[in-house]
Amino acid sequence: MVDLQIQYQTLQAEIDTEVAKVLGDARFILGPNVHAFEEEVAAYLGVAHAVSCASGTDALHLALRAADVGPGDEVITTPFTFIATAEAICYVGATPVFVDIDPLTFNIDIARVEAAISERTAAVLPVHLYGQPADMKALRALCDAHRLWLIEDCAQSFGARAEGGAYTGSIGEFGCFSFFPSKNLGCYGDGGLVTTSTETMANRLRKLRNHGSSAQYEHDLVGYNSRLDEIQAAVLRIKLRHIDRFNASRRAAAQRYDALLEALPLRVPCRDPHVTHVFHQYTVLCKARDLVVKALRDAGIACAIYYPRPLHQQKAFSGMVAGVSLPVTEGVARDCLSLPMYPELTDAQAQRVAEVLAAAL
Ligand SMILES: *Cc1c(COP(=O)(O)O)cnc(C)c1O
């Protein structure tokens, strides 16, 4: 699905040098690379503050804690995402409220968000699925009108721009990023980051990620051990300098797939013309999915299903959402299939994937 070796090879000289420096300096936690990376990300995204942490899951958890979302609160989110989105809601004792997705973009359906708002709603947590921004203009207006927190799950959307040009992660009160190795901006282990526009929230996030600490052995609140380490920060600083090129290559590869697959009995999610998509995944809908998966596997081509079982149908949430039916999500989960996608994907590779698909269909 992703060739991480080829990317390392192209950046190896830079990465090896910087990682060796970290080892030589022997400052591994909350050192100069972490601070520099946070400033560089904030400048790139056009946000006031960026606070790194140990994972994308933690970024969501810390944002919800900083916002003081907790027991008795509801958080409206999408069922068509990685489980971490909803796990974080449960970590703070709040209840996830899953609403159906838009049949064209597979992002959260705004009308259904509005219909799900209750007295107990504290926040809305959209995901920019596959790297395509959700309708942030509508979500921002809705959250402002109802005085709700807007917390963006940007794990798949580093560098994507919403309508009007603002980067994902700069529109909600919080933007939560993952640097898991296979994400668009990925490190060589786990990593995450939260963006916020206020000093107050940035300070809360900095405390929460480091045992609630304001100064050494002074603990203002009960926090966590959730820090990005210096080696990962050093790697991320290098990759950040290349992210625009990587995302442009992903868009080019997606265009190539679009052209190659045009005549086949497949459907692709609708591309919102007002946003800049970063194609974390290239996903198609295919009625004959089992057959296509088998053909790709037989040809030695990777593929993956994001996501085969929506969150409202997961055992983990059965106590909270029993009996909910979300037909659009369920239909997309039945037919969706993601194809290999990474910046270095060649024309020849895309062509080969298309040939195998065409033969199978
Ligand atoms: C990857 C991912 C996460 C979790 O990030 P980790 O860094 O793996 O904890 C959360 N939400 C979405 C949508 C993701 O794709």
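**Close-up views of a predicted model**

View 1. Helix H4 (residues 84-91) lies across strands E2 (74-77), E3, E4 (121-125) and E5 (149-153). H4 runs at about 145° to E3. Contact means heavy atoms within 4.5 Å. Helices (H or I, at least four residues) and strands (E, at least two) are DSSP runs, numbered from the N terminus. Axes are lines fitted to C-alpha atoms, for helices over the stretch in contact; angles run from 0 to 180 degrees between N-to-C directions. This is a predicted model: local features need pLDDT of at least 70, side-chain atom pairs count only at pLDDT 80 or more, and totals for chains, interfaces and linings use all residues. Residues are numbered from 1 along each chain as its sequence is written, and side-chain values use heavy atoms, without hydrogens and water.

**View 2. Seven strands form an open sheet.** The order is E1-E7-E6-E5-E4-E2-E3, with mixed pairing. Two strands pair if DSSP finds at least two bridges between them. E1 (49-53) and E3 (95-98) stand at the edges with a single partner strand each, so one side of each lacks a neighbour in the sheet.

**View 3. E1 meets E7.** E1 pairs with E7 (residues 192-196) in the antiparallel sense, over 5 bridges. Val51 stands opposite Val194 in E7. Helix H2 (residues 32-45) lies across E1, E6 (174-178) and E7, at about 135° to E1.

**View 4. Side chains reach the ligand.** A polar side-chain atom of Ser178 lies 2.6 Å from a ligand oxygen atom. For Lys183, a side-chain N or O atom is 2.7 Å from an oxygen atom of the ligand. Polar contacts here are pairs of N or O atoms within 3.5 Å.

Notes: A polar contact is a pair of N or O atoms within 3.5 Å; within protein, one must be able to donate a hydrogen and the other to accept it, and residues adjacent in sequence count only if both atoms are side-chain atoms.
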